[in-house]
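Let's take a walk through a protein together, one stop at a time. Have the sequence and the 3D view ready, and follow along.

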Amino acid sequence: MDIIHLLPDSVANQIAAGEVIQRPASCLKELVENSLDAGATKIDVIVRDAGRTMLQVIDNGKGMSDTDLRMAFERHATSKIREAADIFQLTTMGFRGEALASICAVAQVEVQSRRPEDETGSRLVIHGSQVIEQEPCACPVGTNFKVKNLFFNIPVRRKFLKTDQTELRNLLIDFYRIVLVYPKVQFTFISNDEILMDLPAGNEKQRIEDVFGKGQKKSFTSHFVEIHSDTELVCIRGFVGKPETSGKNAQQYFFVNGRYMRHPYFHKAVMTAYQGTLSQEANPSYFIYLEVNPETIDVNIHPTKTEIKFQDEQPIFQILLATVREALGKFNVSPSLDFNRSGYIEMPVGGTAPKSAPLTTHSQPYNPFAQSSERMRTLDWQTLYTPPVAERTPLQPAQQELFEQTVAIDKVYQYNSRYLLMPSEQGLMMVDQHRAHICVLYHTYMHQIAENQSASQQLLFPEVLSVTPDEVPIVDNLLDDLRKVGFDLHQLSPNSYSIQGVPASLDSKDPVATIRKILSAVVESGQSVQEQWQKQVALTLAKDTAIPYGKQLSQAEMTDLMTRLLALKQYRYTEDGKTVVSVLTNDELEKKF
Ligand code: ADP
Ligand code: MG
């Protein structure tokens, strides 16, 4: 008997829904994006019990015909692209055609929609992918989408939802990310009959003020400096916080072509611009809007579309850094506007740039167009570090890979029990020992999580971790990842766990303190995606177990650390954007004498 068969669509959709719809907030995001794509100028979001019982999005967009309304819920049904190449010229938020199919697979959906050219609208009811009814109805132009009892047919998922308070926060996080890029659209957000947000149409500045400025003495935006720059590669606009108003709860937003994105690398550019102006703990707020040619970015690398790949990442990094610096300098908020110092050295240079070329010529302004973007790809360590023994003949790609892993490092010097110094082709390479080790460990732990191979050391006397009720679901969700990095946790009572094993690398450190740090890192990250949580677990543990400053290292230890660091694809910054490697170029060195 043959045993392979195709899954019914309703089952396939339910599985696919797991990727797109994780919580009410993902639902909100998809529905509001659809309304924007439909050209709405007014969008109302109404939720009950943080979207768990009901989430409604009402728009005045172009509506759908009755046939389109039915089609919209099929998987891969979209009016926005026709062929794969279209995704590189996107002008809409959606394009995958899977949101509605996913939502209707896991909820009870009721939609009314009418196009301006139609006399009557159409009403459609779908429960768990099953059409319950469709009929003509009287309704205003636009679309009214009601999603009830999310995950009614997947109890496990429903249980996975957090407290209403947390889910409401998640809803608002996604709401902000959208309304901040669409200031011309009027929005309201109503939760359990209370109007939480009432945002009239305006410009970006007014929108930021309306969202974050509530109940503050001084206007929120007076804490900001405007930035602006227009180049062929990118147009940058936005607002960056004055250093003195930076605090712990920073609002940091990047948008590209009208879409929110996370971009740790560009974040690094902004932070570099602030260098020397902030106290240790302070974090500046920023709202930065980038416009680039849609053909030069790839938004398709992640289903929730918050991670975006840029073709011209490095020149944009540099332009962004210069733009923010200049703005901070113009308003006299930055003590040093000396472009010739630190910032440029950290700029990753083109991987295939001629070896004799200086890193940057400081006497002339940086010109991203002088080099083709092809040459400005990610820096590989070869350009930075050329082993003294190697003949400088070009390597074949296969050889290169091998070579990358077996780089022979001759001698490393330790300075001040804090930095490792090493000669490289372009100058003196200076490495922060603690952060270098964080980078290496982070990758080890991420690997353990991915490969499910833990190295746990059983404790003779188990420790007890007590948690608050709202931390319980977080710990439960983390249990598996914690186990993969070596923590062996068992629930003792509703609010406590016994720690019976710890990662071998944790040594004699307090495991309770480390797990506490992981918990707060996860909460602070405000992320709801499992993958982001794993990153927090790996990063926090790496920080806790990395070689501290002040530790004398033997030559063997230093060589080992450098070898492992340089074998990483990305070793210039830690996962949270701290500089690991800096280079004092030969040019700069010579100038000093
Ligand atoms: P995508 O947005 O990726 O195209 P969706 O599943 O989110 O896929 O939506 C499917 C289609 O349904 C859209 O392409 C659009 O034609 C239509 N649609 C969805 N929401 C609306 C709306 N609020 N107004 C008008 N049309 C809509
Ligand atoms: Mg969509």
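Start at phenylalanine 212, which is buried because its relative accessible area is 11%; buried means under 20% relative accessible area, exposed over 50%, and partly exposed in between, with a 1.4 Å probe and protein chains only. Tyrosine 253 is buried too, with a relative accessible area of 6%. What you are looking at is a predicted model, in which local features need pLDDT of at least 70, side-chain atom pairs count only at pLDDT 80 or more, and totals for chains, interfaces and linings use all residues. Residues are numbered from 1 along each chain as its sequence is written, chains are lettered from A and ligands numbered from 1 in the order in which they are written, and side-chain values use heavy atoms, leaving out hydrogens and water.

Now step back to see the whole protein. Its secondary structure comes to 17 helices and 22 strands; helices (H or I, at least four residues) and strands (E, at least two) are DSSP runs, numbered from the N terminus. Of the 593 residues in the protein, 51% are buried. The protein exposes about 28,900 Å², and carbon and sulfur atoms supply 51% of that area, as found by the Shrake-Rupley method with a 1.4 Å probe, where for residues only the protein chains shown count as cover. Among contacts between residues at least 6 apart in sequence, 69% join residues at least 24 apart; a contact means heavy atoms within 4.5 Å.

Let's go inside. Which residues touch the most other members of the largest nonpolar core? They are Phe73, Phe175, Leu180, Phe187 and Phe189, in a core of 59 residues. Such a core is a set of buried Ala, Val, Leu, Ile, Met, Phe, Trp, Tyr and Cys residues joined through side-chain atoms within 4.5 Å. Apart from it lies another core, of 32 residues, which includes Ala269, Ile316, Leu320 and Leu321.

Phenylalanine 187 is worth a visit. Not counting residues up to four places away in sequence, phenylalanine 187 touches partners including Val32, Leu36, Ile43, Phe175 and Arg207. Alanine 201 is 14 residues from phenylalanine 187 in sequence and 7.9 Å away in space, C-alpha to C-alpha. You will find alanine 201 in the loop between β8 (194–199) and α7, and its 51% relative accessibility makes it count as exposed.

Next come the aromatic rings. A pair of them is described by the distance of the centres and the angle of the planes. Rings of Phe, Tyr and Trp (its six-membered ring) pair if their centres lie within 6.5 Å; planes under 30 degrees apart count as stacked, over 60 as edge-to-face and the rest as tilted. A search of the whole structure finds 18 aromatic pairs. In one of them, phenylalanine 175 and phenylalanine 189 have ring centres 5.0 Å apart and planes at 70°, so the pair is edge-to-face. Phenylalanine 175 lies in helix α6 (residues 164–179) and phenylalanine 189 in strand β7 (residues 186–191), so this pair ties together parts that are 14 residues apart in sequence. Both phenylalanine 175 and phenylalanine 189 are buried.

The charged end of arginine 418 sits over the ring of tyrosine 549, 3.8 Å from its centre. A charge sits over a ring if NZ of Lys or CZ of Arg is within 6 Å of the ring centre and within 35 degrees of the ring normal. Lysine 411 lies over the face of tyrosine 413, at 5.2 Å from the ring centre.

Our last stop is a pair of helices. Threonine 540 is in helix α15 (residues 530–545) and counts as buried at 8% relative accessibility. Arginine 516 is in helix α14 (residues 511–525), and at 31% relative accessibility it counts as partly exposed. Leaving out residues up to four places away in sequence, arginine 516 touches Ser466, Val467 and Glu471.
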